[in-house]
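Thanks for asking me to look this one over. My notes are below as numbered points, with the model itself shown ahead of them.

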Amino acid sequence: APLDLAYLHKLSLPTYLNPNMKLSLATVAALISSTSAFAPASTFQRSTAALDAVARKDSYDITLLPGDGIGPEITEATKKVLTALCQRCGFEMNLKEALIGGAAIDAVNDPFPNESLEQCRNSDSVLLACIGGYKWDTNPRELRPESGLLKMRKEMQLFANLRPAKVLPQLIDASTLKKEVVEGVDIMVVRELTGDVYFGEPKGIEVRNGERVGFNNMIYSESEIERIARVAGDVASKRGSKLCSIDKANVLDVSQLWKEVVTEVITKDFADVELSHMYVDNAAMQLIRWPKQFDTIVCGNIFGDILSDEASMLVGSLGMLPSASIGESGPGVFEPCHGSAPDIAGENKANPLAMILSAAMMLKYDLERPAEAQLLEDAVEAILDQGLRTADIKQEGDGCELVGCVEMGAAVADLVTSLEMKEAVTV
């Protein structure tokens, strides 16, 4: 069965432009101009000049956040792959787990305890699996797994969230849409991650005139919009030079400001980018009707939350999509796009490939190990070419072999030890 869509908790990729941010324009170009399913034909290595990135070294401290549901299973599979990688390539990863989500609530009554936050901050990078589950649905808001995720984003200042949705040739039949609709789809959703209605104040539930009233504040400052618009403009300029900004400006004042600021930034600083605007309800429809009209999409937090999941499902399964969230400084957080899938937890049915690919992104963008990242990506593509499939990407009559999470992870680890490594191109 496919992963449980009720618990697909999100995140996604890097930041640029400001010289204090983690990634250079060359690194961004490496990410967004990909010609393979997961990476560019040539892997780019960042210059360390003017970058707040971990210098290439022989040993790295990595925080693992297994979280909930299938999280521990895909984490274990990914650890085996990383162990094989380190043994082959002669460096070390000190993998240390920390609590987040429901697991943290059960252990210490806090969805993201300060001990976990400090461990993440002091790490070279963070690899997150997934959080959430039915068990905690009725908890007070402050004791729900999602509150831990929001705290992590806010405290680590992870404002830029980019999620790619690229149809893989090996899995095109896994999409629920017709082949002619999704073939060739290659979309990048740029989502602002630390503002909007999720973080706006005031918020709460109170009694008014004898009844309960719930309220949240959808709010953006001009600087917040400008910051994410520059990220989106740069991404679009390195792809197809088409950017669609999503809003609801016909009814929301905050969306009117969003539209004005995005227009000002793109018109002034990205003259080569063709900018369009679309209401969020129409965008939701158009992503299904004709997804190939989109190249780069920029959204506020709540609109991006919804549309990035919709766009991701164009490829057939969220179980294949990596992502990352990175702020202006400090370690990034890399994670699969899918959620905790509590309905299949512990049954060896989970797909670990998105987390393995997230580890590849971590190697590339946080750890200055682009050749090793390319090796992981190549191993995943080779596995698909060999016809191994977990349940979420297995199609009836496809002639492929159904395997579990453990077997898929072991197969990737084996390939990591035998595939040819490609040279990185230094930029």
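1. Where does Pro 202 lie? Pro 202 sits in the loop that runs between β6 (186-192) and β7 (204-208). Please keep in mind here, and throughout, that this is a predicted model. The peptide bond leading from Glu 201 into Pro 202 is cis, its omega being near 0°. That is worth a look, since most peptide bonds are trans.

2. Now the overall picture. The chain has 427 residues, and 58% of them are buried. DSSP runs give 13 helices and 16 strands in the chain. If you take the contacts between residues at least 6 apart in sequence, 78% of them join residues at least 24 apart.

3. The largest nonpolar core holds 57 residues, and Leu 85, Met 93, Leu 376 and Val 416 have the most contacts inside it.

4. Val 416 is itself among the core residues with the most contacts, as is Leu 85.

5. How close do the axes of α2 and α13 come? They come within 9 Å and cross at roughly 10°. The two helices are therefore roughly parallel to each other, and α2 passes α13 in a right-handed crossing. From α2, the residues involved are Glu 73, Ile 74, Ala 77, Lys 80, Val 81, Ala 84, Leu 85 and Arg 88, and they meet Cys 405, Gly 409, Val 412, Ala 413 and Val 416 of α13. By class, this contact has nine nonpolar, one polar and three charged residues.

6. The crossing of α7 past α8 is right-handed. On the α7 side the contact uses Glu 222, Ile 225, Glu 226, Ile 228, Ala 229, Arg 230 and Gly 233, and on the α8 side Leu 257, Trp 258, Val 261, Val 262, Glu 264, Val 265, Ile 266 and Asp 269. By class, there are nine nonpolar, one polar and five charged residues in the contact of α7 with α8.

7. Two residues have backbone angles I would check. Most residues other than glycine have a negative phi. Asn 348 has a positive phi, near 60°, and lies in the loop between β13 (333-336) and α11. Glu 368 has a positive phi too, near 55°, and its place is in the loop between α11 and α12. Is each of these buried or partly exposed? Asn 348 is partly exposed, with a relative accessible area of 25%, whereas Glu 368 is buried, with a relative accessible area of 2%.

8. Tyr 365 belongs to helix α11. With a relative accessibility of 2%, Tyr 365 counts as buried, because the cut-off for buried is under 20%. Tyr 365 and Phe 334 are 31 residues apart in sequence, and their C-alpha atoms are 9.8 Å apart in space.

9. Last, Ile 105, which is placed in helix α3 (residues 102-108). Ile 105 is buried, with a relative accessible area of 7%. What does Ile 105 contact, leaving aside neighbours within four places in sequence? The partners are Asp 110, Pro 111, Trp 136, Asn 139, Leu 143, Arg 144 and Pro 145. For Trp 136, which is 31 residues from Ile 105 along the chain, the C-alpha separation is 8.7 Å.

Conventions
Residues are numbered from 1 along each chain as its sequence is written. This is a predicted model: local features need pLDDT of at least 70, side-chain atom pairs count only at pLDDT 80 or more; totals for chains, interfaces and linings use all residues. Side-chain values use heavy atoms; hydrogens and water are left out. A nonpolar core is a set of buried Ala, Val, Leu, Ile, Met, Phe, Trp, Tyr and Cys residues joined through side-chain atoms within 4.5 Å. Buried means under 20% relative accessible area, exposed over 50%, partly exposed in between (1.4 Å probe, protein chains only). Axes are lines fitted to C-alpha atoms, for helices over the stretch in contact, and angles run from 0 to 180 degrees between N-to-C directions. Helices (H or I, at least four residues) and strands (E, at least two) are DSSP runs, numbered from the N terminus. Angles under 35 degrees count as roughly parallel, over 145 as roughly antiparallel, 65 to 115 as roughly perpendicular and the rest as oblique. A crossing is left-handed if the near helix is turned anticlockwise from the far one by less than a right angle, and right-handed if clockwise. Contact means heavy atoms within 4.5 Å. Ala, Val, Leu, Ile, Met, Phe, Trp, Tyr, Cys and Pro count as nonpolar, Asp, Glu, Lys and Arg as charged, and the others, Gly among them, as polar.
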